[in-house]
Amino acid sequence: MKHTISVLLQNKPGVLSRVTGLFSGRGFNIESLSVAETLEPSISCLTLVTRGDEAIIEQITKQLHKLIDVIKVTDISDSEYVEREMVLIRVKAEAQTRAEVLRVIDIFRGKVVDVSPKSYAVEVTGSASKVQAIIDILKPIGIQEIVRTGTIAMARASKK
Amino acid sequence: MEKISGSQAIIRCLQEEGIKTIFGFPGGAVIDLFDALMDSDITNVLVRHEQGAVHAADGLARVTGEVGVALLTSGPGATNGVTAIATAYMDSIPLVILTGQVPTPLIGNDAFQEVDIVGITRPCTKHNYLVKDAKDLVSTLREAFHIARTGRPGPVLVDLPKDVVAKMVDFPEKKPIRMQNYQPTYEPHPGQIEKACKKILKAKNPVLYVGGGVILSNANEELTELARKLNMPVTMTLMGLGGFPGSDPLSMGMLGMHGSYTANMAVANSDLLIAVGARFDDRVTGRLDAFAPHATIIHIDIDPTSISKNVKVDIPIVADCKHALTAMNAWFNNSSDFNREQVAASHEPWLATIGEWTKKHPMGYLDEGDIIKPQYVIQKLDELTHGDAIITTEVGQNQMWAAQFYKFNKPRQWATSGGLGTMGYGLPAAIGAKMAFPEKTVIDVAGDGSIQMNIQELATAKQYKCPVKIAILNNNYLGMVRQWQELFYNKRYAGTVMEVTPDFVMLAQAYGAVGLRATKKSEVEAVIKEALATDNTVIMDFVIAREECVFPMVPAGKATTEMLLV
């Protein structure tokens, strides 16, 4: 089962390698990982997507929490949450496919961020599955390069 | 505020923590620190190899309960310490390891004797630091000690670049340390305590399964009180020996791969297993699905990651063992549901069954005339030291025989590398223990193979007038691996025959120590007596039955009830 885990940690050298070392050392897997500073510059927020049964996810969250530089660990997928990923795709766009590419981008509410005579660079944001969907659709037209950010996520605010 | 040098500040931090003895080996990157040490009242024990320094600090920590300190130089000095750091990490031993580092402008340049020791030790320390700014020196040192000794203890490494240590710094007054992101849970949840105690009252066949956490949290008295109050049998892990008196009638001895028949049968037939400061290691559980299959499991541990890691726990209690056991004892004392005589009587049939198992397969060995059986040597050591010596061990058969046949009645008289299984641990650890308690008898139970891994520390023992005794159970084999080869590899003794072994008597003499040898059973007692009476470091070379095996034995991957017996 897929889990999205959010980790607040000290923004110091070496902290990220403590997290990744923990995963490789204990044989947990990381599907994606994204990390950046929070409002408080001394603290970073790391979002990682992993897979495992209940016991493994329990170990992952406990082991993360055990790291001295980790402040807070939340398994976001325990509750309602929003997740987003961004992808940059360089897709072939020649005379006969340019219009088709633009239509697809429009359907996915993407943006063209770089244009060359033979290609577009496209930016698309959405859930991991939406990102995967546009990749699958553009693939037959000819994707030259993709870069994905990995998922970031946030728990939904309480409705009460 | 008066400024002092970084190295003076570090020494002052050690004094602040009550450190009297450290173990170290110098090098270019730590000359300043050694220089500052010379003006302090702290003794530096100059070891002969950095692994020995960290093991010695570890030995001192295990027998005293204090934080052990080692000081190593950069590069090879630091990497030589890694095995011993990992040893302490696996057994949760509080250490602070100070390593020298090249000056900060050179870090990352592949400078002479540079190594990324913080990167290397990240997975085998509780935490580690590289101090890049001199103003962080004092706070980092204080934090390192705090982390090492609190919660689940462990080694903390502080890497000290040469230029940082040379700078002048303030030495602010010590304030209580509060870390936002590190707050171990000491107090148990009262609801969980009540749930556990109620479950205990309902149990017919309970077993207390005691690990090193009981020793680390000094909870042996609380544990003993609980066991006797409820008349419950107790088994201990290798790390837990001494957590409950080994000669108490309720003690079933050690469990697991080389545990007693009684202990393994009791766990397999228990309806309630109360794990206290133990971590369900594979050497304890054997095949997981056959471990305590009928039991409800209560697990007390200060480290939440230990709970439900290997075995699903029914009633977890995250707390310091001492606090949790105190709360349980108090619950029983105050509970109207608890009638001590009645509960004690209700466990009598279970204890009778346990007694039957012991009668059927007691811990023992076959005597063979005047051939020295290693178990006999340990029994004699126990007898002639009145069970009161500090015993350290190497790793392998020697370690298991020591664990099986020495009766540990008190905590902190036993130092052995349990989790990592590090050969070469025993001699330096014995030196560390003896430095802490010069008046106590300290014996390293060794094999002829593992003693050679840190034999150079004989010189350290001599230099610091540290009359430790070394009992070598000499079979000219790497005995434990040979035993596996005998039992599971058609007696193909690949790489386990020690074709050349030094003459240990002459070797002792070469170091200015005393060497004694026994080749017959009838000589054992005299050799031990002479060693104990000698005010010098002594090697006792016991030439033992060559192919003696450690039994009982649960073959790897089997259920703990499938024991090979004597």
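Reply: Before we start, one definition: an angle between two elements runs from 0 to 180 degrees between their N-to-C directions, with axes fitted to C-alpha atoms. The model above is predicted.

Me: Which strands of chain A does helix H1 lie across, and at what angle does H1 run to E3(A)?

Reply: Helix H1 of chain A, residues 15-25, lies across strands E1 (2-10), E2 and E3 of chain A. To E3(A), helix H1 runs at about 15°.

Me: What is the strand order in the open sheet of chain A?

Reply: The order of its four strands is E2-E3-E1-E4, and the pairing is antiparallel. From one strand to the next, the twist averages 15°.

Me: Why is one side of E2 and of E4 left without a neighbour in the sheet?

Reply: Strand E2 (32-37) and strand E4 (70-75) of chain A are at the edges; each has a single partner strand, so one side of each has no neighbour in the sheet.

Me: How many bridges join E2(A) to E3(A)?

Reply: Six, between antiparallel strands, with E3 of chain A covering residues 43-51. Opposite A:Val35 stands A:Leu46 of E3(A).

Me: Turning to chain B, which residues touch the most other members of the largest nonpolar core?

Reply: A nonpolar core joins buried residues through side-chain atoms within 4.5 Å. Here the largest has 97 residues, and B:Leu208, B:Leu273 and B:Phe542 touch the most other members. Helix H14 of chain B (residues 321-334) supplies the largest share, six residues. A second, separate core holds 45 residues, among them B:Ile85, B:Ile93, B:Leu157 and B:Val468.

Me: What is B:Leu208 in contact with, leaving aside neighbours within four places in sequence?

Reply: Its contacts include B:Leu223, B:Leu226, B:Met232, B:Pro233, B:Ile274 and B:Val276. B:Thr235 is also one of the contacts of B:Leu208.

How values were computed: Residues are numbered from 1 along each chain as its sequence is written. Chains are lettered from A and ligands numbered from 1 in the order in which they are written. This is a predicted model: local features need pLDDT of at least 70, side-chain atom pairs count only at pLDDT 80 or more; totals for chains, interfaces and linings use all residues. Side-chain values use heavy atoms; hydrogens and water are left out. Buried means under 20% relative accessible area, exposed over 50%, partly exposed in between (1.4 Å probe, protein chains only). Helices (H or I, at least four residues) and strands (E, at least two) are DSSP runs, numbered from the N terminus. Contact means heavy atoms within 4.5 Å. Two strands pair if DSSP finds at least two bridges between them.
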